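Please open the structure in your viewer and keep the selection panel at hand.

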Amino acid sequence: MAAFPGSIAFDEYGRPFIILRDQDKQKRLSGLDALKSHILAARQIASTIKTSLGPKGLDKMMISPDGEVTVTNDGATILKMMDVEHEIGKLLVQLSQSQDDEIGDGTTGVVVLAGALLEQAGTLLDRGIHPIRIADGFELACDVAVKHLDKIAELFPVSTENIEPLVKVAMTTLGSKIINKCHRQMAEIAVKAVMAVADLKTKDVNFELIKVEGKVGGRLEDTVLVKGVVIDKTMSHSQMPKELRNVKLAIVTCPFEPPKPKTKHKLDVTNVEDYKDLRQYEQDKFKEMVSLVKNAGATLAICQWGFDDEANHLLLQHELPAVRWVGGPEIELIAIATGGRIVPRFEELSPEKLGTAGLVRELSFGTTKDKMLVIEECSNSRAVTILVRGGNQMLVDEAKRSIHDALCVVRSLVQEPRVVYGGGAAEISCSLAVASQADQLASLEQYAFRGFAEALESIPLALAENSGLSAIHALGETKAKQSTGQDHALGIDCMQTGNINMREQHIIESLKSKRQQLLLATQLVKMILKIDDVRSPQDSQGL
């Protein structure tokens, strides 16, 4: 009873009642008020992010507390950087994050859909329908929509010989990003990177082998795919060679310095001879380390730790180029790419533990003194690096996020090669299927089905609105053509080409992403509709 938040008292007739502590400091919402508050919070967040949807979506500028500026239209990034205090708002942030973790794309769409479903739930609550009946109806409607998606999905050819179809899908993803002026080139880079590391037999893509590195300067068009590893380091000494061929790499995680005892110790040097002996001992140790690396046959040392100028000079004298302060993830990537082993002690170095690379060179950029090291023609050619260039840091960061989305979409197609058509076409088709199913239901769930069908239309409506079209007219026209012509590839013509057929426009999305959006949004809405009582401290300010 120690954790009980109150005390028990008895009235004059001996009947017990509970006195709860600190009730004046608690804020409580219950019943419909709680639900309405949740729906309002979700709608506010969804309306904030809705304008970022689609190829003509607008960007958001997010300024962090320490003044760092981020310009993006990636849903997950916007929500992560928004300072959301309302508890339901935080759930929406987690929703977009889970979509980002699972698929990598569709983070804006999933939040817009969840907001629209809650808006429809609010209307149904006003009509006196119980929230549990609404939640169950939404779940049944979601099952119908997912089955319909499976029915209209088309098989997609994934092969290393013909990457053009994959490039088209990646271009759809990149079409809504800030880098869409060179989205063809970026899409090709993303597809080639994924296909380089993909195992088509097991349908697996190891993302750890793809490194996205950014460097400010140059133009977006200067972005390149390097078949190897790019690290933001240079040779440790300026006089070391800038280009090495047929390299044997020693990858070590121990520092080039004399060994230090692990115990606390104090060394008193009382005369010149002792000092000279100590210096000599250090010199001998350095030489021994360098000779161990040289004797193993290494022509380049990659070291995780630093070394002082003396060791650096000694390495130069012995003609052993070295790179210092290489981070842990980069060391691992170099080891995978070159087929080398990471060695913790110099004594363990042997020729079979060395990595091999055809070419190691330094890249320099423009008039700046910035340099990067490129390790190419590796023995394991599956490791690749995308080097992103851009005019400023914001552009480079956004380009990296965009390429990550494209990589994720191509990966999901390798894992499940089925697609649906974008531009709101899949949502309109599912909306029609759910609405027709509603007419066959005799129970109360038919209202929830119609609400779900209407919520699905929020995606094409937002696309049309953001493209400067008359949203209702564009949606009505497309719906009419879809229901009469039975062609599920008709969507919103965001680019105003005069053609609403998404198959001909090559606006393609992965089935996995679309299915995940519907399932995640419905699960979250069901969870929110089941909350009918909220207790929070009085100082909570809401959204």
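The stops below cover a sheet, the helices beside it, some paired strands and a helix pair.

Before selecting anything, note that this is a predicted model, in which local features need pLDDT of at least 70 and side-chain atom pairs count only at pLDDT 80 or more, while totals for chains, interfaces and linings use all residues. Residues are numbered from 1 along each chain as its sequence is written, and side-chain values use heavy atoms, with hydrogens and water left out.

**First stop: the sheet**

Select S9, S18 and S10, which form, in that order, an open three-stranded sheet with mixed pairing. Helices (H or I, at least four residues) and strands (E, at least two) are DSSP runs, numbered from the N terminus; two strands pair if DSSP finds at least two bridges between them. Strand S9 (210-216) and strand S10 (224-226) are the edges; each has a single partner strand, so one side of each lacks a neighbour in the sheet. On average, neighbouring strands here are turned by 25° against each other, direction ignored.

Next, highlight S9 with strand S18 (residues 384-390): seven bridges join them in the parallel sense. Within this pair, lysine 215 has arginine 389 of S18 as its bridge partner.

**Second stop: helices on the sheet**

Then show helix H7 (residues 183-197), lying across S9, S10 and S18 and running at about 165° to S18. Contact means heavy atoms within 4.5 Å. Axes are lines fitted to C-alpha atoms, for helices over the stretch in contact, and angles run from 0 to 180 degrees between N-to-C directions.

Select strand S19 (residues 418-421) and strand S6 (residues 154-155), an antiparallel pair with two bridges. Glutamate 154 is bridged to valine 419 in S19.

**Last stop: a helix pair**

How do helix H3 (residues 87-102) and helix H17 (residues 511-529) cross? Their axes come within 11 Å and cross at roughly 155°. H3 and H17 are therefore roughly antiparallel, a term for angles over 145 degrees. To see the contact, display residues including Leu91, Leu92 and Leu95 in H3 and Leu520, Ala521 and Leu524 in H17. The contact residues divide into nine nonpolar, five polar and one charged; Ala, Val, Leu, Ile, Met, Phe, Trp, Tyr, Cys and Pro count as nonpolar, Asp, Glu, Lys and Arg as charged, and the others, Gly among them, as polar.

Technical notes: Angles under 35 degrees count as roughly parallel, over 145 as roughly antiparallel, 65 to 115 as roughly perpendicular and the rest as oblique.
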